[in-house]
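Please look through the sequence and the structure shown here before reading the report.

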Amino acid sequence: MNAPGSDPDATSGAFGRPDGQSSSDSASLGDPPPASLHLVPLMRKVENTAWKQVLRCLESERREALCLPVPIERWVEGPLNLRLEIADLSHLDHDGHTVLGATVVSTRTIRISDRVAEQENRFRFTVAHELGHISLHAHLSGKFRDSADGEFLADRYEREADRFAAAFLVPANAFRQEFPRYAASCGIEAREMLDRVSAEDPAATKVLLDDVLPRLSKRFGVASSTALGRLRDLQLDGNRAMVMHRILRKLHARLDSGRS
Amino acid sequence: MSKRSSKPSPSAAPTRPVPVGELLRQRRIDAMGKSVRDVAKLLGVAPIHVSDIETGKRVPSEELLLRFASIYKLSEATLRAGFERPDAVVAEIASESPTAAEKVPEFLRTARGMDSNQWDQLIAEAKRIRSSIGGLKP
C-alpha cells in the first residue's frame, strides 16, 4: 500500500490542515520554540482531557488497569459512543495535502481514509487525532476558519489534536512506567540513557532508536516517532528539557529519513 | 441488479425498522465486540467495503451476504429482507419458462404483504395442487 506523505502520524480533516509536525520541525530545526513555551499550560489541558477520556473508557468497561495497546477502535465505538467509518476521503485532498481523517461533529462521526486502513499505527493515530478534535474543539467547529488568523488557529488545533492523540494512545503514566522498563531491558538505566542521549553519545542514541523505541512502538501501537515525541513532551528529563528538545528533533529527523 | 441506497429518508416514519446496515453495525459492536477492520478480515473484504455496507452505500454480493449471516450469526432471511436481495432461486424459477416469467411476478404481487401464517397456507395449497397433478418434481 502506498502511503502519501512522510509523517505516519500526519492527519487532517474537517478541522483543516494536516499535522505540520514534520514540515515545521525541519524548517525551524534548532530554533528554541518560544511559542511552545506558552503552549505548555494548554498542552497540559490537552493531556488532562486525553486522560479523562481514557478513564471514562476504563470506567465504562469496569476495568481497573489500562490495557495496552489502547483499544482505540473498541473505545471509540463503545464507551465514547461515536461512529467510526472507513471511507474514501480523496475528494478532501487539497494543496498537495493528503487527508487521512475527517470529523463530522453534528453526527459524532469519525471518518478515516481507506488509504490507512491497513497501516496499524497510522490508522490508530488518525482515529485518536480526530477524537482529539471532538474532545477539544467540537464547540468551535467551523468558527476559526473564517477568522483573520484562521490559519494560525488551525495550526494550533492540529497540534493540539496530535498531542491529544499521543496522550490518548501513550498515556503519560503508562509511558513513565514502560520507558524505564524497556530501557533497562536494553541494558541501560533510563536516567543514564537520557544523560547519554543528551550528551549525544552515539551508542546510547543507537540503543534508543534501534531497540527501545521499536519496542515502545509495539507496546503502545504507535509509530516510533510518536513514542519519541512522548519522551520529549513528558520531559522525563526535566532538568535538560531544552537540550532534549533539540536532540529529539534531530532524532525525529533521523527516524523520518530512515523510514523513507 | 441496480445498486440501491438504504439511507433512511428524513421523512421516514419513526416506526421504520432499523436499516440492515445499522443492524450489522450494532451486532458487530455490541454482540461481537469487533472493529470494522476485524470483521473485514474475517469476511475477506476491504474494511471500506464493510463500512459502506453499514452506512447503506453498498449492498453485499450473494456470497458476502451468506458470509455475513454465518459470521454475525444472523438469519439469512433477515439479511435478504434487509438488503432486498431475494434468494437466487426466485430469479431462477421466475425465468424458467415463458409461463413462469409471466405468472411468478403476478403470483408474488398477489401474495405480497402476507404474514407467515398465510404463506404457510399458500405453501400447503401449492403442495396440494402439485400432488393432485402428480409426477411434478420438487
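## Where chain B meets chain A

The model is a predicted one, and what is said here about its two chains rests on values computed from that prediction. On the side of chain B, 14 residues are in contact with 14 residues of chain A. The area buried between chain B and chain A comes to about 1,200 Å², and carbon and sulfur atoms give 45% of that area. Of the area that chain B buries against chain A, 47% is supplied by B:Arg25, B:Arg37 and B:Ile48, which is more than any other three residues supply.

Four salt bridges are found across the interface of chain B and chain A. The side chains of B:Arg37 and A:Glu120 meet in a salt bridge, with a distance of 3.1 Å from N to O, and B:Arg37 is also among the three residues named above for their share of the area that chain B buries.

The elements that give two or more residues to the side of chain B that touches chain A are helix H1 (20-32), helix H2 (36-43) and helix H3 (47-54) of chain B.

## A nonpolar patch on chain B

On the surface of chain B, a nonpolar patch is formed by B:Val89, B:Val90, B:Ile93, B:Phe107 and B:Leu108, which together have about 370 Å² of accessible area. Helix H6 (88-94) and helix H7 (98-111) of chain B each supply at least two residues of this patch, and H6(B) gives the most, with three residues. B:Phe107, one of the residues of the patch, has its place in helix H7 of chain B.

## Two backbone features in a loop of chain A

Most residues other than glycine have a negative phi, and most peptide bonds are trans. Against that background, the peptide bond from A:Leu68 to A:Pro69 is cis, with omega near -10°, and A:Pro69 lies in the loop between helix H2 (34-60) and helix H3 (72-77) of chain A.

The loop between H2 and H3 of chain A also holds A:Arg62, a residue other than glycine whose phi has a positive value, near 55°.

Notes
Residues are numbered from 1 along each chain as its sequence is written. Chains are lettered from A and ligands numbered from 1 in the order in which they are written. This is a predicted model: local features need pLDDT of at least 70, side-chain atom pairs count only at pLDDT 80 or more; totals for chains, interfaces and linings use all residues. Side-chain values use heavy atoms; hydrogens and water are left out. Contact means heavy atoms within 4.5 Å. Buried area is the accessible area (1.4 Å probe) that two parts lose on being put together, summed over both. Helices (H or I, at least four residues) and strands (E, at least two) are DSSP runs, numbered from the N terminus. Patches are made of residues with over 30% relative accessible area and no salt bridge: like charges are joined within 9 Å, nonpolar side chains (Val, Leu, Ile, Met, Phe, Trp, Tyr) within 5 Å. Accessible areas come from the Shrake-Rupley method with a 1.4 Å probe; for residues, only the protein chains shown count as cover.
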